[in-house]
Amino acid sequence: MITYIVKRVLSLIPVLGVVAVVVFALVHLSPGDPASVILGPDASAADVDRLREELGLNQPIPQQFFLWLGNALTGDLGSSLYNGTPVTEVFLDYFRPTLSLAIFAQIIGIAVALPMGVFAALHRGKAVDGALMSFALVGISVPSFLMGLLLILFFAVFLNWLPVAGYAPLSEGLLTHLEFLLLPAISLGFIQAALITRITRSAMLEVMNNAYVKTARAKGLPRAAIVIKHTLRNAFIPILEIIGQTFTTLIAGAVVVEFVFNIPGLGQLIVNSVERRDFPVIQGTVLLVAFGYVLINLIIDLIYGIVDPRVRLDQ
Amino acid sequence: MLNKLKTSAAIVAVALMAAGAQAQDRTEVRIAYDTIPPTIDPHMSTAYSTMDFAAQIFEPLVTLNADYEPELVLAESIEVSEDGKTYTITLREGITFHNGEPLTADDAVASMNRWKEKSILARGTLSDATFEKVDDLTLELKLAEAAPLTLSVIGNPMQFAGIMPQEIIENAPAQGVTEYVGTGPYEVANWDTDQEMHLAKFEDYSSVDTEPNGLAGSKNPGVDDVYMEIVTDDSTRVSGLRSGQYDIALRLPHDNADQLLNSDDLKIYAEDYAFLGMFFNKKSGPFTDIKLRQAVAAALDMNEILYGALGNEKFYSLEHSLASPNQVLWYNDAGAEYYNQDDAEKARKLIEESSYDGEELTFLVTRAYPLHFYAAVIVQQQLQEVGLNVKLAEYDWATLLEHRSDPEAWDMFASEFTFEPTPINAIFLHSRNEYAGWTDSPEVDRLIEEIRVTEDQDKALELFTEMQAELMEYTTYIRYGNYKPLHGLSAEIEGFTVSNNIILSNLSVAE
C-alpha cells in the first residue's frame with residue numbers, strides 16, 4: 001500500500017511538469033498582454049511598453065519560464081501582476097467557495113441519486129423506472145446555466161426566498177453561507193444526480209443478476225439486507241468512480257454556474273485572469289488545480305481498496 | 001372568529017411597523033457593477049470602470065460641471081498671472097485624507113507630477129509645465145506658453161488628477177497604487193478584488209458648498225455604506241435588481257427596458273453618454289485611400305445600425321458633431337453632408353475611383369462590448385451590399401488591444417468614446433497621440449494647436465467648426481451616433497447621476 005502511494009505520488013512529477021510547460025507556453029504565446037489591459041483602451045503604445053518593462057514582461061520567454069519554474073519549485077508561484085497579491089493566497093481565497101459549492105452540490109447529487117438509482121433498478125421496466133430515467137435524461141440534457149437561470153427566476157425573483165447571486169463566507173454563519181450556495185448547488189447537483197442515478201441503476205442491475213444475490217434471496221434474507229449489504233456495496237465501485245470524476249470537475253471550477261450566480265470561485269478566477277492576462281495567476285492556478293485533480297484521483301483509488309478488498313493496490 | 005381577526009390585525013400591524021422601521025433604517029445601497037476595473041488608480045488607466053470606482057474615493061483640484069466648465073474642488077482659489085503662464089493654486093484648509101493626515105501642497109505636487117507623467121492628455125498639453133510647492137497650502141503651475149484650456153485639462157474626468165498622500169505616490173508599485181487613500185466623500189472600507197468594494201461614508205469629509213452640478217458642487221451622501229458588487233453576468237444583474245438584492249444595476253441590456261419600466265418598484269436612468277462608431281487604419285492597408293473611407297461613409301445607414309444594436313429609438317440619437325448637444329461652447333453642424341448618407345450608388349462610385357481591389361477588410365470587434373458587436377454585424381452587411389469584402393475578426397478584449405496596436409493586423413475597429421469635455425482633446429484627433437487608426441491630418445493638428453491658445457471663445461468655435469468639417473471630409477472614423485446606456489434603479493433611490501462617470505456622492509434612499 002505504502003509503495004503504491006509513493007509510486008503514485010512520484011508519478012505526479014512528470015504530469016505537473018508537462019502541465020507547467022504547456023500552460024506557460026499557451027499563456028505566453030497567445031496574444032494580449034496585461035500592461036495594455038491595466039492601462040485601458042486609449043493608452044499609447046509607449047506607455048504600454050514602459051509598463052511591460054516595469055512588470056518584467058519584456059524578458060525573453062525561456063528566461064521568464066526558468067525563473068518562474070525555479071521559484072515554483074521552492075513553493076513560490078509568484079504574485080498577481082494586477083494587484084501584487086501572492087498567487088497561493090489568491091488561489092486559497094477562490095478555492096474555498098469552489099470547495100463549498102462542490103461539496104454541497106455533491107451531497108445534493110448523491111442524496112438524490114443513490115435512492116433513485118436503487119429504486120429504479122428494483123423496479124426495472126416498470127413505469128416508475130421509466131419516469132426516473134426520463135428525469136435523469138432531462139438532468140443530463142439541461143445545461144447548468146439554464147437550470148441556474150430558471151431557479152433564480154422562480155426562487156429568487158418570483159418567490160424572493162433566496163438571494164439571486166453572490167457568496168457569503170462560512171465566517172458569516174453556516175445558514176447565510178448555505179443560503180447563497182443552495183441554488184447554485186442545486187443547479188450543479190442536478191446534473192451530478194442525473195449521472196449518478198444512471199450509473200447506480202445499471203451497476204445495481206448488473207450485480208442483481210449474480211448468483212450470490214439469488215442465493216441470498218433464496219436463503220430468505222430481508223430485502224433491505226440484500227439490497228444494501230449485498231447488492232449496493234458490490235455495485236459501488238463504478239458509482240464511486242463516477243462520483244470521483246464528477247467531483248474533480250467540480251473542483252476545477254464550475255465556471256458557468258459561478259458566473260451566473262456570481263460566486264468568486266476558481267472558475268471565475270481563471271476566466272478573469274485569462275481575460276486580463278494575469279500570467280502568474282493563470283499558471284499557478286492551473287498548476288494547483290492539476291495537482292488537486294491528480295490527488296483526488298489517487299484518493300479515490302485508495303478508497304476502492306477499502307470498499308472492495310479484492311482490489312489489490314500494490315500489485 | 002373576532003379574536004382570530006384581532007390577532008391577524010395585530011400581526012399585520014407589527015409586520016408593517018417592522019417594515020417601516022426597516023425602510024427608515026436603510027442606510028446602505030447595493031450596486032451591481034458590470035465590469036472588473038483593471039485598477040482603482042485614476043492616474044494609471046483610461047478605462048471607464050477605473051473612473052467609476054476612483055471618482056468616489058479621490059478628488060482632483062478642479063473638476064468640470066455639467067456644462068463642462070471648470071469648478072474648484074480641493075483648490076480654494078486659482079489665480080492666473082497676467083501673461084497666462086503661472087497658475088497659483090491655493091488649497092482649501094482643513095481637508096484630511098481618509099488616513100487622517102491633512103492635505104498639504106506636498107501631496108498635491110506629488111500627485112500632479114505623477115498624473116502629468118501618466119496622463120496621455122497631460123503629456124500632450126502640459127508636457128513642459130511644472131508643479132511646484134510654494135508653501136504648505138499653495139502650489140504653482142508654470143506653463144511654457146499661455147493655454148486658456150489648462151483648467152479643463154486638469155479637471156478632465158478621464159484618467160483624472162486625483163490627489164493622494166505623497167508617501168503613497170512615492171511608494172506606488174508599477175501597476176498602480178494599491179492603497180486607496182483619497183479625500184473623497186467615501187473611503188474604502190474593504191475591497192475584495194474582482195468581487196466587491198465596500199465604500200463607507202467619510203465622516204471627516206469637507207465639502208464645497210456650491211450646488212451639485214455634474215462632477216462639481218457639494219457632496220453629501222445620504223447613506224452610510226455603498227457596496228459596489230461586481231456582477232459581470234447581464235441576466236444576474238437584471239434578476240438581482242428585480243428581486244431587490246441590488247438597488248442599482250448598471251449597464252443592463254437595452255432589451256430589458258420595458259420590463260423595468262413596467263414595474264412600480266423600479267425606474268431607469270438613461271442619458272447621453274458616449275458615441276458609438278468605428279475607426280479606420282490610415283497607416284496601412286486599403287483605408288489609407290481617402291476615397292475608400294469616404295465610400296464607407298457614403299454607404300452606411302446609421303438609423304438601421306443603431307436601431308439594430310439598441311432596439312429602441314429612445315436610447316440613441318443621430319448625431320455626428322464631435323461635441324455633445326449640451327456642450328454649447330463647441331456644438332456645431334459642420335460636415336453633416338458626410339454623415340448618415342445611405343447612398344449606395346455614391347459608395348460604389350467612390351469604391352471604383354479608389355484603389356480597392358476586392359481584398360478582405362478586417363473589422364476588429366469584441367463581444368466584451370455587445371453593442372459594438374451588434375452594430376458591427378449590421379455595418380458588415382451594409383458594406384457587403386456595396387461590394388466591400390468585410391470580415392469580422394472577433395476577439396476577447398486583451399487580444400483586440402494587442403492586434404489594434406499593429407497596423408498590419410486590421411483595417412477597421414469598433415469603439416466608443418464618452419464626450420470629451422474639451423472636444424479638441426479627444427485622443428483620436430491629433431497625430432501626436434498616435435492613437436490606433438493613426439489620424440494624420442496636418443490641417444487638423446494645426447487647427448487644434450490654434451484653438452488651444454485662442455482666448456476668444458467665438459473665434460475658438462469658428463476654428464473648431466472648421467476642424468470638424470475637415471475631420472468629416474478626411475473621414476478619420478465613422479460615428480454611428482450617440483447612445484444612452486441603460487441603468488436600472490430601485491424606485492426609492494435618489495440622487496444617482498452620471499456625468500462621464502457614475503456619481504454616488506449625493507445618493508439617498510427615500511423613506
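What share of the contacts in chain A with a separation of 6 or more comes from residues 24 or more positions apart? The share is 72%, a contact being two residues whose C-beta atoms, placed from the backbone, lie within 7 Å.

This is a predicted model, in which local features need pLDDT of at least 70 and side-chain atom pairs count only at pLDDT 80 or more, while totals for chains, interfaces and linings use all residues. Residues are numbered from 1 along each chain as its sequence is written, and chains are lettered from A and ligands numbered from 1 in the order in which they are written.

Select chain A. Its C-alpha trace spans about 85 × 55 × 35 Å along the principal axes. Chain A has 14 helices and zero strands; these are DSSP runs (helices: H or I, at least four residues; strands: E, at least two), numbered from the N terminus. Of its 315 residues, 37% are buried (20 or more other C-beta atoms within 10 Å of the residue's own; 12 or fewer is exposed, in between is partly exposed; C-beta atoms are placed from the backbone).

Next, select the contact between the chains: 38 residues from chain A and 40 residues from chain B. On the chain A side, helix 7 (144-158) is among the helices that each supply at least two residues, and helix 7 gives the largest share, five residues.

Finally, select T210(B), in the loop between strand 9 (196-201) and strand 10 (225-230) of chain B. T210(B) counts as exposed because it has 12 C-beta neighbours inside 10 Å. Leaving out residues up to four places away in sequence, T210(B) touches E71(B), A216(B), G217(B) and S218(B).
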